[in-house]
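Please look over the sequence and the 3D structure shown here before reading the report that goes with them.

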Amino acid sequence: MSEFHTPVLLKEVLEYLKVKKGEKYIDATVGGGGHAEAILKLGGEILGIDCDPEAIKAAREHLSQACPSARVSSGDLGGQCASWRLAQGNFSQLGGMAKRQGFDPVAGILFDLGVSSHQLENLERGFSFQSDAPLDMRMDPSLSVTAADLINGLNKGELNELFSQLAQEKHSRRLADALVSARRVKPVRTGRELADLAIKTLGRKGKLHPATRIFQALRIAVNDELNNLKKALPQAVELLKPEGRLVVISFHSGEDRIAKQFFKGEEKLRVLTKKPVRPTEEEIKVNPRSRSAKLRAGEKIK
Ligand SMILES: C[S@@+](CC[C@H](N)C(=O)[O-])C[C@H]1O[C@@H](n2cnc3c(N)ncnc32)[C@H](O)[C@@H]1O
C-alpha cells in the first residue's frame, strides 16, 4: 500500500472509530484503501468513496488482494475481512450515495482530506512542482476548471485573495503582480513554471518550498474542497447511528477550522478530541506527509 499512499494517523483513526465487527463504516476518501483495509481487517464493513476514478481503481485492486473474502458481499466475515464496496463520487453528495449503497445508518465515518501521495506523485495530474505537464489539479477529471485556468484567468485581485486567504501568503500581492506580468508574455502552463515563479518572487526561506502553500491553495480552489467539506459534515452526522463516530483528518488550516467549528456547534455530537490529535514525531519521521495532519473526532449523542 505504501506505494500508493501511506495511511496517516492509522492507529488513532482505528481508536476513535472504535471499529466493531459486523458494523458498517464509510470511508469518504478511500484513496488507495489503506485506512479501509485496516477497518476491514477489524471486521467492519466498508463503503469506500472517492471522486477520483484512479483512486477507486487502485482501491479496488488493493482491497481485492488484501481483503479477498470481501468478494462475497454478504456481510458474513467468511475469512479475514468484512465485505466492502466502492463508489465513485463527491462526498458533498454523501447522504444519497450512502443510502443508495445501503449504508444508512452506519457506525462510523472517516474523512482523510486532501490528496493522496499517488495523486501528488503522478506528474501527469499536474499537482507537483516538478511537473512539466499542464497545471491540472482536478481530483475528479470531469470538473471543468483546471489550476491553469485559474492561474491564467483570475484577475490580480482574485489571485491576491486566493494567495492571501487560502495560502496565507504574506506577500500575496507581490506574487499576484508577478503572475499577471509573466502571463502577459506567455501563459503559466506547468507546475514547474509556477514553482519557479514563486521562488523568484518570494525567495526561499526555511525548509518549506515557497510554492507549497500556493499549490495547496490552488488545489483547494480547483476542487472546491472547503465547500464540499461544509456540505458533507451535516450529512455524515445524519447517517450515524447513536454512538456512531465521525473522524476528520485535515491538512490545511481552513479545513481544520471548518471541522472544529462543526464539531463545536453540532448539538447531535459529543466532541471526543478537545484538541486536535497530531502525529507523533516517529510517524512524521517515517511519513513526512503526515506532519500537518490534525485529527478531530466526535460521537453521535444517543
Ligand atoms: C489523503 S487521500 C486518502 C487516502 C486514504 N485514506 C488511504 O489510506 O489510502 C484523500 C482522497 O480523498 C479524495 N477526495 C478528496 N476530496 C474528495 C471529495 N470531495 N469527494 C470524494 N473524494 C475526495 C481524493 O481523491 C483522495 O484520493
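## Basis of the report

This is a predicted model, in which local features need pLDDT of at least 70 and side-chain atom pairs count only at pLDDT 80 or more, while totals for chains, interfaces and linings use all residues. Residues are numbered from 1 along each chain as its sequence is written, and side-chain values use heavy atoms, with hydrogens and water left out.

## Overall fold

The protein has 13 helices and seven strands, where helices (H or I, at least four residues) and strands (E, at least two) are DSSP runs numbered from the N terminus. Along the principal axes, its C-alpha atoms fill a box of roughly 60 × 40 × 40 Å.

## The ligand and its surroundings

Around the ligand there are 25 residues, of which His35, Asp50, Phe91, Asp112 and Gln119 come nearest; a residue is counted as near if one of its heavy atoms lies within 4 Å. This shell divides into nine nonpolar, 13 polar and three charged residues, with Ala, Val, Leu, Ile, Met, Phe, Trp, Tyr, Cys and Pro counted as nonpolar, Asp, Glu, Lys and Arg as charged, and the others, Gly among them, as polar.

Several polar contacts (here, pairs of N or O atoms within 3.5 Å) can be described. A nitrogen atom of the ligand lies 2.9 Å from a polar backbone atom of Phe91, an oxygen atom of the ligand is 3.0 Å from a backbone N or O atom of Gly32, and an oxygen atom of the ligand is 2.9 Å from a side-chain N or O atom of Gln119. The protein buries 99% of the 610 Å² that the ligand exposes when taken alone, by the Shrake-Rupley method with a 1.4 Å probe.

## Two points of the backbone

Most residues other than glycine have a negative phi, and most peptide bonds are trans. The peptide bond from Asp104 to Pro105 is cis, with omega near 5°, and Pro105 lies in the loop between α4 (94–100) and β4 (106–112).

Met137, a residue other than glycine, has a positive phi near 70°, and its place is in the loop between α5 (117–121) and α6 (147–153).

Methods:
A polar contact is a pair of N or O atoms within 3.5 Å; within protein, one must be able to donate a hydrogen and the other to accept it, and residues adjacent in sequence count only if both atoms are side-chain atoms.
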